[in-house]
Amino acid sequence: MEHETLPQPLDTALRQRVLDAIAVLLPRVLDAETLVIAPEMKLMSDLGMRSASMLELLLELEDNLDIQIDVEDIDETAMTSVGDLADFVASHAVTDS
Amino acid sequence: MTTLETVACYLPDKRVPVEDVAGQLGLTSMQTRLFRRYLGLAEIRLDPGGTLLDLLSAAIWRLSGLRGREHLVHYVLYARVMPVVAPYPVNPLRDLCRTFGLGHAVSFTVTHHACATGLLAVDLAGRLLAEDGDPDALALVLTGEKTFTRDARLVPGTSIFGEAAAACLVGSDGPADRVLSYAASIRGEFDGRLDELPDMAARFEKEYPASLAEAISAAAAQAGVSVGELSLILPHNVNALSWQRLCRRIGFPVGRVLLDNVPVIGHAFCADSFINYATAVDRGLLRPGDRYLIAAAGLGATFSAMVVEH
């Protein structure tokens with residue numbers, strides 16, 4: 001089975017689903033169940049995320065949203081906030097072909 | 001000029017899925033899955049019943065270029081990550097030298113560049129040979145380690161170590177692969193346990209790609225080639241994803257980075273460079289005159305690269 005990245009414009013509906021899922025999943029990944037997630041929160045400085053926890057979150061999102069994410073394109077220096085992460089996921093969904 | 005005369009490798013027969021290793025280490029389901037799904041690691045090799053001596057011996061036995069030339073080996077360098085691998089006074093390196101007729105050689109261990117120590121050892125071997133006075137003198141560089149502690153099995157969220165060994169005969173002349181340059185950047189500010197120092201770990205993650213890219217650029221510049229002119233990059237096998245991202249950063253085709261061993265061997269400490277070299281030669285990926293680069297990064301931290309002409 002091969003995969004290909006969809007060169008798609010930002011899917012706003014998917015982006016909102018991603019944001020909703022992050023709000024539920026990220027506290028679990030960070031083992032901070034009471035954490036309230038907002039799109040403007042900084043991944044590293046506000047939430048203390050690292051590369052490994054980022055990948056864990058992406059796995060959770062794949063499972064939860066039934067998508068696959070092409071992580072080769074991740075530029076963590078350009079992706080600073082929760083909203084940036086949602087943008088990335090919504091524009092890097094991978095479908096089976 | 002330093003030359004890589006011949007390289008031999010040993011991969012233990014036992015293949016262990018990364019999921020089995022992760023299970024033994026108590027990783028969560030998600031921590032486990034990301035190794036295969038994102039990092040490109042699938043299985044490692046282990047020799048559970050073998051000692052360090054067995055592991056390194058198996059590589060030397062395969063080094064056909066050594067037979068009959070033992071008397072020319074003036075130096076034996078064991079490049080490793082772990083500072084301690086045997087209880088005093090056990091000395092596997094001296095035992096090896098005696099076993100293989102190298103008892104006359106000056107032998108010592110090289111560490112402190114972590115997984116980049118193999119390149120340091122090649123450079124050091126070349127410097128020793130250049131000052132030796134005997135143009136036929138050789139040095140033997142050994143790599144390979146046992147995964148005997150948790151730290152020797154796992155870099156959390158990044159890599160899983162496997163057992164394998166390599167032996168490289170280094171010379172100073174002759175028709176062999178010629179070392180054109182060596183660049184190493186030592187970043188002592190990253191010395192410490194990443195799992196206990198989150199701020200340092202975050203800085204290390206942020207600076208890792210640029211630092212390795214700088215080492216690659218520096219080695220290429222010293223060799224008088226552009227990065228794009230390199231025929232191949234032989235990576236350390238920490239994981240595939242970090243190399244995919246680095247290639248995007250430096251504009252180098254990921255298809256010219258030999259990542260094929262990452263899923264089937266894992267990260268074999270300092271032996272990765274030599275194992276990947278052997279794979280490149282076996283598959284005919286290097287033609288005479290090709291200039292290729294060997295790159296490695298070590299926790300602590302060291303970023304190294306070496307340009308070699310085939």
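What pLDDT does chain A average, and what share of the residues score at least 70? In this predicted model, local features need pLDDT of at least 70 and side-chain atom pairs count only at pLDDT 80 or more, while totals for chains, interfaces and linings use all residues. Residues are numbered from 1 along each chain as its sequence is written, with chains lettered from A and ligands numbered from 1 in the order in which they are written. The average for chain A is a pLDDT (the predictor's confidence in each residue, from 0 to 100) of 85, and 86% of the residues score at least 70. Over residues 1–7 of chain A the pLDDT falls below 50. Where pLDDT is low, the predicted coordinates should not be read in detail.

Strand β4 (residues 73–79) of chain B runs parallel to β5(B), joined by 5 bridges, and B:L77 stands opposite B:F108 in β5(B).

Helices α3 (residues 52–61) and α4 (residues 92–99) of chain B (H or I runs of at least four residues) pack at about 40°, their axes (lines fitted to C-alpha atoms over the stretch in contact, with angles from 0 to 180 degrees between N-to-C directions) 10 Å apart.

Notes
Helices (H or I, at least four residues) and strands (E, at least two) are DSSP runs, numbered from the N terminus. Two residues are in contact if their C-beta atoms, placed from the backbone, lie within 7 Å. Two strands pair if DSSP finds at least two bridges between them.
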